[in-house]
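Subject: Structure to look at

Hello,

Here is the structure I promised to pass on. Please open it next to this email and follow along.

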Amino acid sequence: MPSQIFVNLPVNNLNKSIEFFTALGFEFNPEFTDENATCMIVTDTSYVMLLVKSFFQGFTDKPITDAKTSTEVLTALACDSRDEVDSLLDIVCAQGGREHREAKDYGFMYQRSFEDLDGHIWELFHMSGKPTTA
């Protein structure tokens, strides 16, 4: 079974993307950072590679989706509390991102979503329990 996950996302401006995600509290691995890419650390086994579009294109023969007009992936991040979800969304908006959809409260789970500077959709959620079945 795989032991790590690396999500790769194309970005328009690597430095602005690093500033955006740094404001949200993420750190980056300098060993995997240069003018073409950076490795954003999510957990000890989960990473997001932010790749300049021209560099990203070298890994696929398919066209790159414009995340501002099409959805290619939804990346969900678990938070420790509802307050953390709300606080991070406030930072997103202050840093130039935008709320993607209104907050959803499912009782057992609270969720908000945002678009980063390149239009990639991220979901922030806090689970306070397990879903109930009918």
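In what order do the four strands of the open sheet lie? The order is β5-β8-β7-β6, and the pairing is mixed. β5 (74–78) and β6 stand at the edges with a single partner strand each, so one side of each has no neighbour in the sheet. From one strand to the next, the twist averages 20 degrees.

Some ground rules. This is a predicted model, in which local features need pLDDT of at least 70 and side-chain atom pairs count only at pLDDT 80 or more, while totals for chains, interfaces and linings use all residues. Residues are numbered from 1 along each chain as its sequence is written, and side-chain values use heavy atoms, with hydrogens and water left out. Helices (H or I, at least four residues) and strands (E, at least two) are DSSP runs, numbered from the N terminus. Two strands pair if DSSP finds at least two bridges between them.

**The sheet**

Start with β5 and β8. They pair in the parallel sense over five bridges. A76 stands opposite E123 in β8. β5 has a covered face, made of T75 and L77. Its uncovered face holds L74, A76 and A78. In a regular strand, side chains alternate between the two faces of the sheet.

β6 pairs with β7 (residues 109–115) in the antiparallel sense, over five bridges. K104 stands opposite Q111 in β7, and E99 stands opposite F114.

α3 lies across β6, β7 and β8 (121–127) and runs at about 10 degrees to β7. (Axes are lines fitted to C-alpha atoms, for helices over the stretch in contact; angles run from 0 to 180 degrees between N-to-C directions.)

**Helix α1**

Which residues of α1 (residues 14–23) are buried? They are L14, S17, F20 and F21. Buried means under 20% relative accessible area, exposed over 50%, and partly exposed in between (1.4 Å probe, protein chains only). Why do these four share a side of α1? They cover an arc of only 120 degrees around the axis, which puts them on the same side. The arc is that of the directions from the helix axis to the C-beta atoms. An α-helix has 3.6 residues a turn, so residues three or four places apart point the same way. On the other side of α1, N15, K16 and E19 are exposed.

N13 caps the N-terminal end of α1, with a side-chain oxygen 3.2 Å from the backbone nitrogen of N15. Just after α1, G25 takes a positive phi of about 100 degrees.

**The cores**

A nonpolar core is a set of buried Ala, Val, Leu, Ile, Met, Phe, Trp, Tyr and Cys residues joined through side-chain atoms within 4.5 Å. The largest one has 22 residues. Those with the most contacts inside it are F21, L24, M40, L50, F114, W122 and L124. β1 (5–11), α1, β4 (46–52), α3, β7 and β8 each give two or more residues to this core. α3 gives the most, with four. A second, separate core has six residues, including A37, Y47, M49 and L51.

Look at W122. Contact means heavy atoms within 4.5 Å.

T38 lies in strand β3 (residues 37–41). T38 is buried, with a relative accessible area of 0%. A polar contact of 2.7 Å joins the side chains of T38 and T33. (A polar contact is a pair of N or O atoms within 3.5 Å; within protein, one must be able to donate a hydrogen and the other to accept it, and residues adjacent in sequence count only if both atoms are side-chain atoms.)

K68 is in the loop between α2 (53–57) and β5. At 52% relative accessibility, K68 counts as exposed. The side chain of K68 reaches the backbone oxygen of L117 at 3.2 Å. K68 and H120 are 52 residues apart in sequence, yet 7.2 Å apart in space, C-alpha to C-alpha.

Best wishes
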